[in-house]
Amino acid sequence: MPRASAAAAAATARHIREIATEMFGTRGFGDVSLDDVAESAGVTRGAVYHHYRSKAGLFGAVAADLQAVVATSVVEAAESAGDDPRAQLRAGCHGFLDAITAEPAVRVLLVDGPAVFGWDKWRQMDAENSVVHLREALASVGTDPDLLDPLTAQLSGAMNEAALWLAQSSNPDAPDRAHRALDLLVDTVLG
């Protein structure tokens with residue numbers, strides 16, 4: 001039987017990731033098997049293993065895709081705020097909160113991610129994506145260089161906690177309340 005072309009293999013890998021993203025986002029890492037993913041994707045379990053080696057490998061690829069989506073949302077939100085670095089910081093923070101609380105990102109990145117990857121790997125992934133943009137935005141508004149890293153960590157942590165709070169809330173005004181609270185934090189940072 002002939003081997004698939006590189007383009008066909010890439011399309012299969014992408015299709016598997018898309019199916020897995022939806023499954024991990026709705027059911028969670030613990031309730032999804034590679035057999036479930038293979039069946040839903042219409043491929044063999046061997047195809048899933050060929051592209052991702054393991055369930056954790058597939059989850060890592062899904063998380064990387066979602067990290068990139070969130071980071072892109074942050075950049076787009078910041079850029080839409082114009083040239084004022086203060087407005088960009090505020091808009092980027094709100095863009096993050098909106099993007100990270102959209103399914104499947106919140107479940108994959110904030111609920112299951114730390115448990116699957118461990119804190120060190122999860123923090124590294126976060127630091128390589130959205131946190132980079134937050135640090136740059138804080139530097140652009142003149143944050144004291146001695147405080148740049150701890151302030152980035154604290155504001156990032158506060159936004160992640162707000163996202164988890166939103167994910168667990170059934171209150172319809174929770175998003176508005178979270179964004180108002182975020183404005184207070186950003187106001188404090190901006191002085």
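Predicted model: local features only at pLDDT ≥ 70, side-chain atom pairs only at ≥ 80, totals over all residues.

User: How much of residues 33-52 is helix, and how far apart are the end C-alpha atoms?

Analyst: Residues 33-52 are 80% helix and 0% strand, with the end C-alpha atoms 13 Å apart. Residues are numbered from 1 along each chain as its sequence is written, and side-chain values use heavy atoms, with hydrogens and water left out.

User: What does UniProt call residues 33-52?

Analyst: An unreviewed UniProt entry annotates residues 33-52 as "DNA-binding region". The UniProt record, also as an unreviewed entry, places "domain: HTH tetR-type" at residues 10-70. That span is 82% helix and 0% strand, and its end C-alpha atoms lie 23 Å apart. UniProt positions are given in the numbering used here, feature names are shortened, and annotations may be inferred rather than shown by experiment.

User: OK, zooming out. How many helices and strands are in the protein chain?

Analyst: The protein chain has ten helices and zero strands. Its C-alpha trace spans about 65 × 35 × 30 Å along the principal axes. Of the 191 residues, 40% are buried. Buried means under 20% relative accessible area, exposed means over 50%, and partly exposed is in between (1.4 Å probe, protein chains only).

User: Which residues have the most contacts inside the largest nonpolar core?

Analyst: Phe24, Leu58, Leu89, Cys93, Val108 and Leu109 have the most contacts inside that core of 50 residues. The largest share of this core comes from α4, with eight residues. A nonpolar core is a set of buried Ala, Val, Leu, Ile, Met, Phe, Trp, Tyr and Cys residues joined through side-chain atoms within 4.5 Å. In soluble globular proteins, nonpolar side chains tend to be buried together.

User: And what is phenylalanine 24 in contact with?

Analyst: Leaving aside neighbours within four places in sequence, phenylalanine 24 is in contact with Phe29, Val32, Lys55, Leu58, Phe59, Val62, Arg107, Val108 and Asp112. Contact means heavy atoms within 4.5 Å. For the protein chain, 66% of the contacts with a separation of 6 or more are between residues 24 or more positions apart.

User: Now the part I care about. What is the volume of the largest pocket, and which residues lie nearest its centre?

Analyst: About 300 Å³ of space lies in the largest pocket. Its lining has 19 residues, and Val74, Ala78, His133, Leu134 and Ala137 lie nearest the centre. By class, that lining has ten nonpolar, six polar and three charged residues. α8 (130-140) is one of the elements that supply at least two residues, and α8 gives the most, with seven.

User: How are pockets and classes defined?

Analyst: On a 1 Å grid over the protein atoms alone, a pocket is an open set of points with protein on both sides within 12 Å along at least five of seven lines, whereas a cavity is a set where a 1.4 Å probe fits but cannot get out; lining residues have an atom within 4 Å of a point. Grid points are joined across faces, edges and corners, and a volume is the space filled by probe spheres set on the points. Ala, Val, Leu, Ile, Met, Phe, Trp, Tyr, Cys and Pro count as nonpolar, Asp, Glu, Lys and Arg as charged, and the others, Gly among them, as polar.

User: What about the second largest pocket, what is its volume?

Analyst: The second largest pocket has a volume of about 230 Å³. Its lining includes Trp122, Arg123, Asp126 and Asn160. α9 provides the largest share, six residues, and the classes are four nonpolar, four polar and four charged.

User: Is arginine 53 buried or exposed?

Analyst: Arginine 53 is exposed, with a relative accessible area of 67%.

Key
Helix = DSSP H or I, 4+ residues; strand = E, 2+ residues; numbered from the N terminus.
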